[in-house]
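Trainee: I've got a structure I'd like to talk through with you. Can we go over it piece by piece?

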Amino acid sequence: MPLPDPSIFVLAPESNILPAPSALLEAFSFIGFFLHILSVNMVAGLTMVIFLRLLMDGRHNPSVGDDAFWLSKGLAFNVNLAIVPLLFMQAMLAPFIYSSAIIMGLWFLGIPFFVMLAYYGLYLFNQNAGAIQGRNTLIMGVVLVIFLAVAFLYTNLNTLMLTPLRWPLGQGNPDGLALNLGEPSLWPRYAHNVLGFMAFGGLTQALLAEFRIKRGNETQKNARSFGLTIFGHAMAANALIGVWYLFSIAPGVREDFLGGDQASLAALILSAIGSLTAIWAARSGRLKTAFALAVAVLAAMCFLRHMMRKFMLTPYLEEAAHKPFDVGPLVMFIFGVAATAVVLVAILRKAFNNDASPKGEQEAKS
């Protein structure tokens, strides 16, 4: 794909020295993004499932409040985890990421404020979760709309980053409100993401219910079954959306996925097989198997996402791979990650040891 004139990068210049070898940056970016998107899927998806349960039977199901207890904490974890893949991606792709962000302007700057509003909404919901009321359904609905809006904005950013030839649309939108709505792959990619949220939301619901069942709360069996049902339907629908998405991308890139690149074709086939097997596992009530397969499919999807970026921006990536690097930032980063990991493990261990769902415990004892 031809790249635009380098003068378009003036507002987002690139660095001439990398903070680590390019292969290491790509590996850390992949791992960081996989962990981030896994967590995002679970939090955003669980929000969807909780909203559905509130609409259906929230007034008679107090465990909804117990599930929502984890959402605010999961959102805070996601915000911090998002920094990892962004740091490594911007080291190699700063002109593409930041140029796209500049074109989107106010939309991109609004994302942190939208997330803060969702964070506040989750805390507000938790304060009133003891007595599920109509306004709590509204609060969770607003939070869900915010999550879907943020996902839509990030989908715009990602598609715009991969299509530099569409950047002139920013010149016709000096108010900073440009979106990549004319990109054919935008809507199928967004739908693919949203259904991924729902699938992992169902799994997260089932896992939380399974945890309470093992602690003696037999009333959670219906919640477990409901979560697996949501997962199976969302995965089946996403398989169809995936076909739409595949045929919406540029023909040359699609040919790479369908045989031009063997690794990408293998990942595509394995993800399809994994999805079908995960649906079977969910219908059979095999929660652990379904979760393991879903995580494996997500990893394959992350790999395909990485390969798509490589196919569409190959000339630039080849140039970045030959840049010199300074090992100093890498050493400091590894030290920081190790120290942070120790603190996070201690915090998570303390959180899980605490009684996360007192109402559920009381029900189990009664």
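Trainee: Is Tyr190 buried or exposed?
Mentor: This is a predicted model, where local features need pLDDT of at least 70, side-chain atom pairs count only at pLDDT 80 or more, and totals for chains, interfaces and linings use all residues. Residues are numbered from 1 along each chain as its sequence is written, and side-chain values use heavy atoms, with hydrogens and water left out. Buried means under 20% relative accessible area, exposed over 50%, and partly exposed in between (1.4 Å probe, protein chains only). Tyr190 comes out at 15% relative accessibility, so Tyr190 counts as buried.

Trainee: Which residues is Tyr190 in contact with, leaving aside neighbours within four places in sequence?
Mentor: Tyr190 lies in helix H6; helices (H or I, at least four residues) and strands (E, at least two) are DSSP runs, numbered from the N terminus. Contact means heavy atoms within 4.5 Å. By that rule the partners of Tyr190 are Leu148, Ala151, Phe152 and Thr155.

Trainee: How many salt bridges does the structure hold?
Mentor: Side chains of opposite charge can pair when their charged atoms come close. The cut-off here is a side-chain nitrogen of Lys or Arg within 4 Å of a carboxyl oxygen of Asp or Glu. With that, the count for the structure is one.

Trainee: Which residue forms a salt bridge with Arg224?
Mentor: Arg224 is buried, with a relative accessible area of 19%. The closest N and O atoms of the pair are 2.5 Å apart, and the partner of Arg224 is Glu210. Arg224 lies in helix H7 and the partner in helix H6 (residues 186-214), so the bridge ties together parts 14 residues apart in sequence: Arg224 and Glu210.

Trainee: Which residues of helix H8 are buried?
Mentor: Helix H8 covers residues 251-260, and its buried residues are Val253, Arg254 and Phe257. They cover an arc of only 105 degrees around the axis, which puts them on the same side of H8; the arc is that of the directions from the helix axis to the C-beta atoms. The face turned away from that side carries the exposed Glu255 and Gly260. So the buried ones, to answer you directly, are Val253, Arg254 and Phe257.

Trainee: Which helices do the buried residues of H8 pack against?
Mentor: Go by the contacts of the buried residues of H8. They pack against helix H7 (221-246), helix H9 (262-283) and helix H10 (287-312).

Trainee: Where is Thr47, and which residues does Thr47 touch?
Mentor: Thr47 is placed in helix H1 (residues 22-57). At 0% relative accessibility, Thr47 counts as buried. Not counting residues up to four places away in sequence, Thr47 touches Leu71, Met140, Val143, Leu144 and Phe147.

Trainee: Which residues does Asn41 touch?
Mentor: Asn41 lies in helix H1 and counts as buried at 4% relative accessibility. Leaving out residues up to four places away in sequence, Asn41 touches Leu46, Gly196, Phe197, Phe200, Gly201 and Leu298.

Trainee: What separates the C-alpha atoms of His306 and Glu26?
Mentor: His306 is found in helix H10 and, at 16% relative accessibility, counts as buried. His306 and Glu26 are 280 residues apart along the chain, yet the separation of their C-alpha atoms is 8.8 Å.

Trainee: Which helix gives the largest share of the nonpolar patch?
Mentor: Patches are made of residues with over 30% relative accessible area and no salt bridge, like charges being joined within 9 Å and nonpolar side chains (Val, Leu, Ile, Met, Phe, Trp, Tyr) within 5 Å. This one is formed by Phe77, Val343, Leu344, Ile347, Leu348 and Phe352, with about 540 Å² of accessible area together (Shrake-Rupley method with a 1.4 Å probe; for residues, only the protein chains shown count as cover). Leu344, for one, is partly exposed with a relative accessible area of 36%. Five residues of the patch come from helix H12 (residues 328-353).

Trainee: Which element has the lowest mean pLDDT?
Mentor: pLDDT is the predictor's confidence in each residue, from 0 to 100. The protein averages 84, and 87% of the residues score at least 70. Among the elements, H9 has the highest mean (94), while the lowest (48) belongs to helix H13 (residues 358-365).

Trainee: How many helices and strands are there in the protein?
Mentor: Buried residues make up 47% of the 366 residues. The pattern along the sequence reads α-α-α-α-α-α-α-α-α-α-α-α-α. That gives 13 helices and zero strands.
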